[in-house]
Amino acid sequence: MVIFSVYVVNKAGGLIYQYDNYVPRAEAEKTFSYPLDLVLKHHDEKVVVSFGQRDGIKVGHAVLSINGVDVIGKNTADGKDILEYLKDSANYPVSIRFGRARLSSNEKLMLASMFHSCELFDQNLKSALEVAEKAGNFGVGS
């Protein structure tokens, strides 16, 4: 059994500690000619594939690097917007590496708050079942 992440959440639902054992999953790198046959879009400060799957590149994969240089959010290393860069035919052929992007800090906080909500639901359900059991038998045949 592998532990991918550890989240420590306090009783108020605040994220106290978080650790990712991040091992990049399958990444796909491909050289493209103009025009690009994948549809890319901005999503949560990343550029992701929104339509078109091929050669291990799947919808939802993010652009990780262009021509061997890592991208920073939705910009190339020299600050150009990725979508604008890929619209220019002078930049082709271009090698793009795709893969699953790491979770942002905000996404980690949302995930931790979901854990907290699930724990609260579980506690309320347990106490409701205890009250129902004390009230008497119920169910099939009662």
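# Close-up views of a predicted protein chain

View A. The model is a predicted one, in which local features need pLDDT of at least 70 and side-chain atom pairs count only at pLDDT 80 or more, while totals for chains, interfaces and linings use all residues. Residues are numbered from 1 along each chain as its sequence is written, and side-chain values use heavy atoms, with hydrogens and water left out. Helices (H or I, at least four residues) and strands (E, at least two) are DSSP runs that are numbered from the N terminus. A cis peptide bond also runs from Tyr92 to Pro93, with omega near 0 degrees, and Pro93 belongs to the loop between helix 1 and strand 8.

**View B. The whole chain, shown for orientation, contains two helices and eight strands.** Along the sequence these elements are arranged in the pattern β-β-β-β-β-β-β-α-β-α. The radius of gyration, taken over C-alpha atoms and compared with a globule rule of 2.2 Å times the number of residues to the power 0.38, is 23 Å for the protein chain, well over the 14 Å that the rule gives for 142 residues, so the chain is more spread out than a compact globule. Its C-alpha atoms fill a box of roughly 75 × 35 × 30 Å along the principal axes. Of the 142 residues, 25% are buried, a word that here means under 20% relative accessible area, with exposed meaning over 50% and partly exposed what lies in between (1.4 Å probe, protein chains only). Where contact means heavy atoms within 4.5 Å, residues 24 or more positions apart account for 55% of the contacts with a separation of 6 or more.

View C. Rings of Phe, Tyr and Trp (its six-membered ring) pair if their centres lie within 6.5 Å, and planes under 30 degrees apart count as stacked, over 60 as edge-to-face and the rest as tilted. With ring centres 6.2 Å apart and planes at 85 degrees, Phe32 and Phe98 are therefore an edge-to-face pair. The pair links distant parts of the chain, as Phe32 lies in strand 3 (residues 28-32) and Phe98 in strand 8 (residues 94-99), 66 residues apart. Phe32 has a relative accessible area of 3% and is buried, and Phe98 is buried as well, at 0%.

**View D. Tyr34 and Tyr92 form an aromatic pair that is edge-to-face.** The ring centres are 5.2 Å apart, and there are 70 degrees between the planes. This pair, too, links distant parts of the chain, with Tyr34 in the loop between strand 3 and strand 4 (39-43) and Tyr92, 58 residues away, in the loop between helix 1 (82-87) and strand 8. Tyr34 counts as partly exposed at 46% relative accessibility, whereas Tyr92, at 12%, counts as buried.

**View E. Ala28 and Glu29 are residues of strand 3.** Ala28 is buried, with a relative accessible area of 10%, while Glu29 counts as partly exposed at 49%. Beyond the residues up to four places away in sequence, Ala28 touches Asp55, Gly56, Ile57, Ile96, Arg97 and Phe98, and the C-alpha atoms of Ala28 and Asp55 are separated by 7.5 Å although these residues are 27 apart along the chain. Glu29, with its neighbours within four places likewise set aside, is in contact with Ser95, Ile96 and Arg97.

**View F. Ser65 lies in strand 6 (residues 62-66).** This serine is buried, at 2% relative accessible area. Not counting residues up to four places away in sequence, Ser65 touches Asp70, Val71, Ser95, Ile96 and Arg97.

**View G. Asp44 and Glu45 lie in the loop between strand 4 and strand 5, and Lys46 lies in strand 5 (residues 46-51).** Asp44 is not a glycine, yet has a positive phi of about 50 degrees, and Glu45, also a residue other than glycine, has a positive phi near 60 degrees. Glu45 counts as exposed at 54% relative accessibility, whereas Lys46 counts as buried at 18%. Apart from its neighbours within four places in sequence, Lys46 is in contact with Lys41, Gly73, Ala101, Arg102 and Glu107.
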